[in-house]
Structure formats: C-alpha cells, structure tokens
Amino acid sequence: MPGLRGAAAGGSPLGLLSCFCFCFFLLLLLLLPGPSSARYEPTWESLDSRPLPAWFDGAKLGIFIHWGLFSVPSFGSEWFWWYWQKEKRDAYVTFMKKNYPPGFTYEDFGPLFTAEFFDANQWADIFSASGAKYIVLTSKHHEGFTLWGSKYSWAWNSVDVGPRRDIVAELASSIRNRTTLHFGLYHSLFEWFNPLFLDDAASMFMKNQFPYHKTLPELYEIVNKYHPEILWSDGDGDAPDTYWNSTGFLAWLYNDSPVRDKIVTNDRWGAGTICKHGGYYTCADRYNPGHLLSHKWENCMTIDKQSWGYRRNAQFSDYLTIEELIKELVETVSCGGNLLVNVGPTHDGRIPVIFEERLRQMGTWLAINEDGIFNTKPWRAQNDSCTHGIWYTFKPNEDIVYAIFFNWPTSGTLMLGEPRGVLGKTKVALLGYAESLPWFPLEKKGIIVAISQLSFNKFPHRWGWTLAITHAS
C-alpha cells in the first residue's frame with residue numbers, strides 16, 4: 001500500500017480526507033445488507049411483503065398429480081377413507097361390502113398400492129408434452145400416507161409399504177433431468193385419523209402435539225431433501241395458523257431454507273388464511289372469478305369434474321373436453337391467474353389415457369398459441385365488449401395485445417370492440433398463419449378483422465385461435 005503510506009506521511013489534508021472517505025465508503029459497503037439478505041419476520045405482515053418469485057407469474061400452466069392409497073379403491077373420490085369410515089356414506093359402505101372381505105381396513109390398501117408401472121421418465125415426458133411449466137405432486141394427502149420414506153411416517157409411506165420406492169425422489173429426478181419444468185410438492189397439514197391430531201382437536205387445539213411431532217418435521221424434511229420450487233399446502237383441519245406455527249415455518253422457508261430465493265407458496269396455512277395470506281391465492285378449489293384480481297392467484301381444477309383422484313367408476317361425460325380445458329386456461333390467464341390442471345394416476349402407476357390425451361392436446365394447441373399465454377400480463381380489458389367469448393392478454397414490452405377466440409367467424413370478419421387501432425401502425429396477425437390480416441377501424445373504438453376462410457393446409461388449428469395485435473391501445 002505505498003500510495004496510502006505516502007499520503008499519510010506527506011500528503012495534503014485534502015488527500016488525507018479523500019483517503020478517509022474512501023475507506024469509510026468501503027466499510028459501509030461491507031456492513032450494509034444487500035438486497036438478497038432481506039429477512040422476514042414470522043408475522044403475516046412481514047411474510048406477505050415478500051415478492052412472488054417472477055418465474056411463477058410467467059409460467060401460467062401447471063400439472064397437479066393426486067396419487068396415494070385412495071388410488072387403490074379408485075372409487076368415488078380421493079376422500080374415500082373419510083366418506084367410508086367417518087361419514088359412512090351408503091355408496092362407499094356398499095362398495096366395500098361388495099368388493100372386500102369383512103374386517104378389511106384402509107391400512108390394508110397399503111400393500112395393494114403397487115406402482116409396478118410407474119415410470120417417472122414417462123410421466124416427465126407426458127407433462128413436458130402438455131406445454132406446462134410446473135408440476136405439483138401430492139407428497140402426502142389427508143390420509144397421511146407419504147410418497148417418500150419419511151422418518152415421521154414410519155410404516156405408512158411408499159418406501160416401507162407397497163411399491164417400496166421413493167416416488168418423490170424418482171419424479172423429482174426425472175423432471176429435472178428430462179424437462180425444464182419446475183418441481184413442486186403438495187403437502188397436507190392435517191391427517192384425518194391421526195391420534196395426535198384428534199387429541200389436539202379434542203382440546204380445541206390448545207394442545208399442539210401433531211404439528212410439532214408430525215407436520216412441521218415433515219415439511220422441513222421435504223424442503224431440505226427435495227428442494228421443491230412450489231410448496232402447495234392444504235388441509236388445515238379447521239385449526240388456525242397459530243396452531244400449525246405457519247408463520248414460523250414460512251419465515252425459515254423464506255430466510256434460511258435451501259430454496260429461499262425461488263420457492264413459491266400458496267395461501268392454505270391454517271383456518272382463515274385462504275385468499276388472505278401467503279404467496280399466491282387459491283381461494284377455493286376450481287376457483288375462477290372471471291375478472292381481474294389485484295393479487296396473483298391460481299385456479300386449481302380437475303379434468304375429471306367429480307374427483308381429484310383416479311376413479312374407475314367415472315363416466316365419459318365426467319371428463320372435460322379439450323375445448324373446455326383450453327377455455328378454462330385462456331379465461332384464467334386473461335384474468336391474471338395460473339391454471340393448475342389435475343390428473344389422477346392409477347394404483348399401479350399409469351396415467352390414464354384420457355388424461356394423457358388431454359395433456360398432449362393442450363401441448364398441441366400451445367405449440368401454436370403459446371405466445372398469447374406464457375409471460376403475458378392482463379390487459380386493460382379481460383374480455384371483449386362486442387363479441388362474446390373473446391379474451392385478451394398482453395405483452396407490454398412488445399406492445400402486443402392477444403385476442404383469443406373460440407368460434408371461427410363464418411362471415412369472414414371478426415369484430416373486436418376493445419382494441420383501438422392506428423392506421424399505418426397497427427398490425428394484426430393470426431398465430432400459426434404467416435400472412436398479416438387486413439383490419440378496419442370502427443367508428444369510436446374497436447376494429448373489424450378480415451379472416452378469410454383458410455384452406456385446410458393453412459388452417460392453424462381447431463379448439464381456439466389467437467390474434468396478435470401490435471401497436472394498438
């Protein structure tokens with residue numbers, strides 16, 4: 001450091017002052033926390049101030065996978081155990097009497113959950129082909145059976161019972177090695193018939209044995225072991241978030257966990273938190289408000305309209321058509337949400353072909369129309385004021401409005417009541433079709449787009465179409 005010594009020995013007072021200021025500035029840089037070192041307190045006010053990781057808003061489409069012991073009876077609902085043993089619904093009691101011997105218990109389904117056809121690579125390829133950007137697997141549903149060898153679910157997990165495989169680990173590896181999808185995990189806070197939870201509930205949750213001996217250790221375990229990018233909490237059992245110590249766990253998750261910079265969470269962290277606290281809102285199953293919300297939200301829904309788990313007794317009419325599924329996606333994205341589409345695998349590890357078909361059809365549609373879905377923002381109008389069934393999305397950086405419609409106009413023209421075009425500047429294109437489309441302004445606002453009857457070999461696709469409108473207001 002000869003320069004500093006020289007300044008100290010014979011430099012001017014101004015030089016000494018400059019040197020001091022420079023050293024003080026360096027010290028401040030070392031002491032001041034950087035932007036990534038922000039700490040969150042275990043309060044909802046602090047936790048709710050955390051920005052949602054940017055990747056999630058742009059992702060728009062995810063795949064939900066409900067798989068567990070309920071996939072063995074595969075009758076009625078994934079709530080099979082509850083409906084059979086707690087509510088004693090006639091259909092479930094009769095089903096068991098007809099198909100299983102006297103004395104058969106729900107625990108006896110464990111060895112029958114075989115997963116012999118489960119191929120994580122095949123699942124990953126199907127999910128990737130759908131065009132989705134993330135998946136969420138039920139690591140544990142309300143029955144308490146875990147799809148990993150949890151230290152806190154001894155003899156009630158997929159490593160000790162049934163397939164004797166770590167399902168979570170296998171799928172996480174395949175997703176990360178074969179796709180670009182983000183890997184997420186669902187986890188139920190409560191368990192229907194766990195004695196510790198039932199004892200806590202009997203005390204009006206004055207006791208908290210279950211969260212501290214079961215739920216919280218499991219949550220720390222799956223985060224530290226599998227590094228999910230989404231943690232989809234569910235099943236509060238009517239207990240408040242204070243019983244679950246949700247704010248304490250989330251503070252660790254956001255501050256100190258191995259996924260603190262990229263983890264996304266939902267809003268199901270205790271009674272009263274849904275649609276109020278958390279990373280993004282789900283508000284209810286199959287939630288689709290049909291209008292813009294001020295907070296990021298997700299529409300979690302099912303291809304089988306009656307159940308999240310696989311049902312052998314499902315009818316063909318119970319499944320959404322691809323047209324219905326695409327409409328749900330478009331409407332959800334137009335209003336600022338993400339769509340989480342659920343499939344239910346079989347007990348032996350297959351994704352039923354009707355689910356696979358819907359996912360691959362979605363991928364086919366998105367291969368042409370993805371620009372109008374992914375990384376878009378809600379526009380000033382979510383749907384059209386003149387023509388029913390037209391929904392809008394927007395890319396502000398590129399100044400492109402996307403108008404997505406589901407009924408091809410037989411007249412050869414499509415009236416859009418919202419965009420304001422500028423002659424000589426605004427351009428209209430149909431995604432999947434190379435040529436620009438002519439358009440004409442309406443008197444006050446809106447445009448009429450000329451869409452000729454395209455020949456078969458130039459027709460972009462069925463089910464829905466997207467207009468890209470550049471430089472419109």
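**Lining of the largest cavity**

A: By class, four nonpolar, two polar and two charged residues line the largest cavity (nonpolar: Ala, Val, Leu, Ile, Met, Phe, Trp, Tyr, Cys, Pro; charged: Asp, Glu, Lys, Arg; polar: the others, including Gly). The model is predicted, and totals for linings use all residues, whereas local features need pLDDT of at least 70 and side-chain atom pairs pLDDT 80 or more. Residues are numbered from 1 along each chain, and side-chain values use heavy atoms, without hydrogens or water.

The lining of this cavity comprises Leu47, Asp48, Arg50, Pro51 and Leu52, together with Tyr254, Gly278 and Gly279. Its volume is about 30 Å³, and the structure holds one cavity of 30 Å³ or more. On a 1 Å grid, a 1.4 Å probe fits in a cavity but cannot get out; a pocket is open, with protein on both sides within 12 Å along at least five of seven lines, and lining residues have an atom within 4 Å of a point.

The largest pocket has a volume of about 610 Å³. Its lining counts 30 residues, and those closest to the pocket centre are Trp79, His142, Phe190, Trp192 and Gly235. By class, the pocket lining has 13 nonpolar, nine polar and eight charged residues. Among the elements (DSSP runs, helices of at least four residues and strands of at least two), α5 (80–86), α9 (195–202) and β4 (230–234) each supply at least two lining residues of this pocket. The largest share, three residues, comes from α5.

Definitions and conventions
Grid points are joined across faces, edges and corners, and a volume is the space filled by probe spheres set on the points.
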